[in-house]
Structures are given as structure tokens and as C-alpha cells.
Amino acid sequence: VLASRESSNETTPLPTNCNNMKICVLEGGTHATILKSIVPENIPIASVLFQNQLYDRFIDGNCNLIAGEQYDIAETILVNRGYDGLYEVTTQSLSQEPLCMVTRSDD
């Protein structure tokens, strides 16, 4: 899921104005892999190591889009970190990742 400082439209989760767009995502995860495969090459994708860096880069304007799980990029998280600007989380998912459960053999 993507969150943006600008409005998106119904056909794409990207903002309608792609000028000066920069996306931040956690490094090494499936979100980074998926974004690199679907986002045009002229749109920079910055990978960060830690979740707090993702928020900080969005808040300070170094990124105008962030990608992650809905609970990681919820508006309340950024508001609690001091962000008070425009914020929209797309309702369109970019992928659906399979989940599995693992248990011990003696459970």
C-alpha cells in the first residue's frame, strides 16, 4: 500500500502529479521488490534500513510517497510523529503476499 502527500485517482495508487515524485520503502522487503517492478524507472525509489527513517524522510519532505503495510503507514502514526500535512493512503493494494503459520511439532 502507498501513502502520499497528494491525491491519487481510482485507476492507479500513484498521485496524479508524478513530477518530483520520490518513493521511500524499507530495504530488502517484498515492497521494495514489487515497487521496482511496477514503478517507471524515472521515479526514484529510496530504500531505508529502519521504519523510523521511512517516517522521518516522509515528514521532512525527502520522500512524498511511502510504501508499506497499512498498519505501518497509517495516518495516526505520522501524526503522532509530528506530521500535520496532507496525507492519503490508497485503498488499492499493489500485491497480496501469501502468509503461512509455523508451529512446533509438539504443539
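# Exercises on helix H2 and its surroundings

Helix H2 is followed by Gly-61, a residue with a positive phi, near 90°. The exercises below concern a predicted model.

**Exercise 1.** Determine which residues of H2 are buried, and how they are arranged about the helix axis.

*Solution.* Step 1: the buried residues of H2 are Leu-54, Tyr-55 and Phe-58. Step 2: viewed down the axis of H2, these buried residues fall within an arc of 90°, so they line one face of the helix. Step 3: for Phe-58 the relative accessible area is 0%, and the residue is therefore buried.

**Exercise 2.** Classify the ring pair of Phe-58 and Tyr-87, and state which parts of the chain the pair ties together.

*Solution.* Step 1: there are three aromatic pairs in the structure. Step 2: in the pair of Phe-58 and Tyr-87, the ring centres are 5.5 Å apart and the planes stand at 85°. Planes over 60 degrees apart count as edge-to-face, and the pair of Phe-58 and Tyr-87 is therefore edge-to-face. Step 3: Phe-58 belongs to helix H2, whereas Tyr-87 is in the loop between H3 and E5, so the contact ties together parts 29 residues apart in sequence. Step 4: Tyr-87 has 12% relative accessibility and so counts as buried. Step 5: Phe-58 and Tyr-87 form one aromatic cluster with Tyr-83.

**Exercise 3.** Identify the partner of Asp-56 in the salt bridge, and decide whether each of the two residues is buried, partly exposed or exposed.

*Solution.* Step 1: the structure has one salt bridge. Step 2: the side chain of Asp-56 meets that of Arg-81, with an N to O distance of 3.0 Å. Step 3: Asp-56 is in helix H2, and Arg-81 is in the loop between helix H3 (75-80) and strand E5 (88-89); the pair thus links distant parts of the chain, 25 residues apart.

**Exercise 4.** Locate the disulfide and describe the setting of its two cysteines.

*Solution.* Step 1: the structure holds one disulfide. Step 2: this disulfide is formed by Cys-24 and Cys-63, whose sulfur atoms are 1.6 Å apart. Step 3: Cys-24 lies in strand E2 (residues 23-26) and Cys-63 in the loop between H2 and E4, so that distant parts of the chain, 39 residues apart, are linked. Step 4: both Cys-24 and Cys-63 are buried.

**Exercise 5.** Describe the position of Asn-64, its burial, and its contact with Lys-22.

*Solution.* Step 1: Asn-64 is found in the loop between helix H2 (51-59) and strand E4 (65-67). Step 2: its relative accessibility is 16%; because buried means under 20%, Asn-64 counts as buried. Step 3: a polar atom of the Asn-64 side chain lies 2.8 Å from the backbone nitrogen of Lys-22. Step 4: Asn-64 and Ile-23 are 41 residues apart in sequence, and their C-alpha atoms are 6.4 Å apart in space.

Technical notes
Residues are numbered from 1 along each chain as its sequence is written. This is a predicted model: local features need pLDDT of at least 70, side-chain atom pairs count only at pLDDT 80 or more; totals for chains, interfaces and linings use all residues. Side-chain values use heavy atoms; hydrogens and water are left out. Helices (H or I, at least four residues) and strands (E, at least two) are DSSP runs, numbered from the N terminus. Buried means under 20% relative accessible area, exposed over 50%, partly exposed in between (1.4 Å probe, protein chains only). A polar contact is a pair of N or O atoms within 3.5 Å; within protein, one must be able to donate a hydrogen and the other to accept it, and residues adjacent in sequence count only if both atoms are side-chain atoms. A disulfide is a pair of cysteine sulfur atoms within 2.5 Å. A salt bridge is a side-chain nitrogen of Lys or Arg within 4 Å of a carboxyl oxygen of Asp or Glu. The arc is that of the directions from the helix axis to the C-beta atoms. Rings of Phe, Tyr and Trp (its six-membered ring) pair if their centres lie within 6.5 Å; planes under 30 degrees apart count as stacked, over 60 as edge-to-face and the rest as tilted.
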